[in-house]
Amino acid sequence: MVSAVRRPIIAGNWKMNTTVAEATDLARQVRAAVASHPDYHTEVVLCPPFLSLSAVAAAVEDAPIGVGAQNCYPADSGAYTGEVSAAMLVGLCQYVIVGHSERRGYFGEDNAFVQQKAAHALAHGLTPIVCVGESLEHYEAGTGAAFVTAQITGSLHDLSADAVGSLVIAYEPIWAIGTGHAATAADANTMIGAIRATVADTWGAAAAGRVRIQYGGSVAAANAATLLAEPEIDGALVGGASLKADEFAAIIAAAEVSLP
Ligand code: PGA
């Protein structure tokens, strides 16, 4: 059962998928699915590619659906060819994913850079979804919790307790992303509990009680209810399954079922 205090948040990370036309269509389908449940308490966020942010924002206008970017560069403007700043995202979205393992892995982003991005997003009034997660090597060696909690302190260290309490963390074990092998609900709950304990140690109990921590990695309609039944898991960051409106809608419905 998810927390009575923290509102569950289900976010769809569309990654480098969908043309503008496809993104618009998918956003409309999700909107239609959510519209048939006006009583839903779960927060829903769609994170399309940058190019489609404007179209998706328009497609979900006045619906209870948020929009997020998948990345940002931590400077307002300047000679950073190909990059997009949080200042440019204001008005198009409310969230921005930072430190996804694909960015850490393929583009060499380290904790210090992720921290700059999170601070930059917060400075512009956007809520960062800060991703952490261990590799298969760490998982098998039993060093996953140490690695992930170090990512948390390393990626958030300069932020205030109030800032940390206001953001979203996504725990995504790398070995579970896109593999069809999600972490077990018990393991995900334990790791998210360890992350929350680290937040409590570093930023205090109030921040730890407020910060929402999602699980991500092969979340699907078939396993969402089991994962979201865990008390520490405040929602999901969904990749592949968020590209199918009916599957994504089923995951949102699972979050509703898990409400106290
Ligand atoms: P997946 O991706 O749901 O396709 O495993 C999750 C993510 O990378 O955010």
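How many bridges join strand E3 to strand E4, and do they run parallel or antiparallel? I looked this up and found two bridges between E3 (residues 65-69) and E4 (residues 95-98), which run parallel; strands here are DSSP runs of at least two residues and helices (H or I) runs of at least four, numbered from the N terminus, and two strands pair if DSSP finds at least two bridges between them.

I note that this is a predicted model, in which local features need pLDDT of at least 70 and side-chain atom pairs count only at pLDDT 80 or more, while totals for chains, interfaces and linings use all residues. Residues are numbered from 1 along each chain as its sequence is written, and side-chain values use heavy atoms, with hydrogens and water left out.

Next I followed the barrel, which eight strands close in the order E1-E2-E3-E4-E5-E6-E7-E8 with parallel pairing. Within it, I saw that Gly68 stands opposite Tyr95 in E4.

I then turned to Asn223, which is found in helix H11 (residues 221-228). Asn223 counts as buried because its relative accessibility is 19%, and buried means under 20% relative accessible area with a 1.4 Å probe, protein chains only. Leaving aside residues up to four places away in sequence, Asn223 touches Ala182 and Ser218, where contact means heavy atoms within 4.5 Å.

Last, I checked the ligand, which 13 residues surround, the closest being Lys15, His100, Glu172, Gly178 and Ser218; a residue is near a molecule if one of its heavy atoms lies within 4 Å of it. A side-chain N or O atom of Glu172 is 2.6 Å from an oxygen atom of the ligand.

Key:
Buried < 20%, exposed > 50% of the residue type's maximum accessible area, 1.4 Å probe, protein only. Polar contact = N/O pair within 3.5 Å; in protein donor to acceptor, adjacent residues only side chain to side chain.
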